[in-house]
Amino acid sequence: MMCLHDFVIVVPVADRPRQLADCLDSLAGLLQRFPYAGAVSVLIVDDSLEPAAIARHRALADTHTRAGLPTRHLDRAAQRALVQDLPAALRERLGAVLGRPEADHAERIGPSASRNLACLWLSRLPRRGRKRLFWFVDSDERFRVEVETATGGTQSHDLDYLHTLDRLFTERPIDVLTGRVVGDPPVSPAVMALTLLDDVLTLLADLSEQQPHTPCRYHGHAVRAGDAAYHDMADLFGYSRPAAMPYRCPLRSTHDHAACLAHFAAGLGQFFDGVHPTRRSLFEIGQALTLTPARTVYTGNYVISESALAWFIPYASLRLRMAGPTLGRLLRAELGERFVCANLPLWHGRTLADLGRSECRPGIVHGAGGVDLSGEFERQYFGDVMLFTLEALTGLGYPGKALDDEVIRRELAAVEARMHARYLSQQTAIAERIRRFQAMLEDDARWWRQEAATGPAQEALTRFMRDLGRNFGPHAPPWRRISAPAYREARLDEICVALARYADERAAWLEALHRA
């Protein structure tokens with residue numbers, strides 16, 4: 001089959017050798033099932049702290065290269081050399097964009113800076129033959145999807161990604177194409193607790209009406225949820241959120257309701273790594289390939305043309321969540337119809353089955369005392385503040401129009417006040433549901449309180465409830481952090497500075513690219 005583009009697949013990774021191996025294996029399998037005549041290579045951008053993980057990432061690159069899939073491992077030394085090649089004045093102006101990999105300290109630069117370093121490296125590739133497309137994916141994704149079977153189960157399904165993308169970029173004037181993901185939601189647990197608790201309470205209330213040892217009734221076909229159905233604040237993005245979604249038990253062998261409860265309870269802790277047990281999405285076979293105007297970049301699945309290297313992930317040094325939606329608002333303002341969304345999802349799996357968690361998830365700490373989401377929660381909160389501030393500023397002409405610092409600060413303060421009130425409202429609703437959850441667990445009239453065999457399930461549910469209270473209760477450390485006046489003010493100062501210097505960073509970035 002004729003093709004007009006070569007592909008470079010870019011995979012930022014931080015201490016995830018097993019998940020990276022699965023990602024690369026799925027790409028190799030895709031190329032076997034759908035041979036592509038153009039050149040396909042991989043760039044691994046390593047932001048790991050563990051020497052053993054770095055060595056395994058490097059070994060994976062070597063293994064796949066020997067097997068016929070050229071794979072480059074961009075470690076910290078190579079990143080440092082890339083940045084050191086820039087003039088000192090340019091390095092200084094781009095310090096917040098590239099994360100200062102030249103500094104010798106045991107600290108990650110973050111996924112946004114890793115992607116920006118990748119773009120700088122890609123801009124240095126020698127010119128040759130076909131045009132290139134650069135496809136950015138996450139290390140916890142697979143080049144396939146999951147679909148529902150006739151019996152209500154799931155199975156893998158292949159999509160011919162490369163030929164489809166080659167055709168789309170050939171037939172349409174596209175600079176940036178973003179796909180989506182199916183499987184685990186692409187958002188933080190910091191904004192999924194309310195939807196989860198709605199579903200948990202619905203399931204437990206219904207389970208309590210069943211007999212523990214009668215056949216499990218929670219099977220059949222999945223209920224289709226709309227976009228962002230997992231998000232507690234979906235309305236902020238123009239989506240509606242179902243009040244509750246039914247649970248579909250994944251156990252396939254014959255089992256009873258007590259076994260269903262045990263399995264459900266055992267897996268609930270994965271929520272803190274981003275798994276939503278009732279609101280995972282599947283791909284629908286036969287769904288027509290459509291292109292729609294985009295406003296969000298799914299940073300785990302987007303493709304850019306060579307000309308789109310002119311863009312970088314903004315405000316990278318802040319290490320906030322919502323980097324993709326933030327970039328998307330800027331792209332939409334300047335690219336218009338050349339920025340599109342296509343229903344070409346990848347499979348997203350947050351956790352490893354045997355671990356019950358991700359290999360590495362910065363901002364989420366699993367300790368003897370439970371789970372601490374403080375870092376993740378703060379990144380999400382101020383990421384939302386940044387995003388909606390940017391929306392307000394683009395309405396005033398930003399970034400093309402220079403805005404006074406006073407204007408930026410005024411819009412930022414107004415957005416943060418609204419967001420703080422919204423988060424407080426969410427926290428109050430979550431606290432109310434936690435109280436209902438506790439009352440249900442401790443109600444001696446429920447059959448699980450009368451069945452000795454349900455002890456492990458009760459312990460798992462209680463542990464989960466305590467972790468929820470620890471992270472979402474009125475006195476939880478994450479909430480105290482974003483509510484502390486001095487801390488809030490310091491973070492808002494950082495955001496204000498980042499917004500104000502974006503125009504200079506963009507000019508410096510274009511200068512750095514032109515030095516190739």
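These legends accompany close-up views of a predicted model.

**View 1. An open sheet of eight strands.** Let's follow the strands across the sheet: their order is β3-β2-β1-β4-β11-β8-β12-β10, and the pairing is mixed. At the edges you will find β3 (71-74) and β10 (291-293), each of which pairs on one side only. On average, neighbouring strands of this sheet are turned by 25° against each other, direction ignored.

View 2. To find your way, look for Leu-291, which stands opposite Ala-342 in β12.

**View 3. Helix α3 lying across two strands.** Now turn to the edge strand β3. Helix α3 (residues 76-84) lies across both β3 and β2 (40-46), and the helix runs at about 80° to β3.

**View 4. The largest cavity and its lining.** The model holds five cavities of 30 Å³ or more, and the largest has a volume of about 110 Å³. Among the residues lining the largest cavity are Ala-190, Val-191, Asp-232, Met-233, Phe-377 and Trp-479. The lining divides into eight nonpolar residues, three polar ones and one charged one.

View 5. Two helices to look for are α12 (405-441) and α13 (455-472), as each supplies at least two residues of the lining. Which helix gives the largest share of the lining? That is α12, with four residues. Other names to spot in the lining of the largest cavity include Tyr-423, Gln-426, Asn-471 and Phe-472.

Conventions:
Residues numbered from 1 in each chain as written. Predicted model: local features only at pLDDT ≥ 70, side-chain atom pairs only at ≥ 80, totals over all residues. Heavy atoms only, no water. Pairing = 2+ DSSP bridges. Axes fitted to C-alpha atoms, helices over the stretch in contact; angles between N-to-C directions. Contact = heavy atoms within 4.5 Å. 1 Å grid on protein atoms, 1.4 Å probe; cavity = no way out; pocket = protein on both sides within 12 Å on 5 of 7 lines; lining within 4 Å. Points joined across faces, edges and corners; volume = space filled by probe spheres on them. Nonpolar A, V, L, I, M, F, W, Y, C, P; charged D, E, K, R; others polar.
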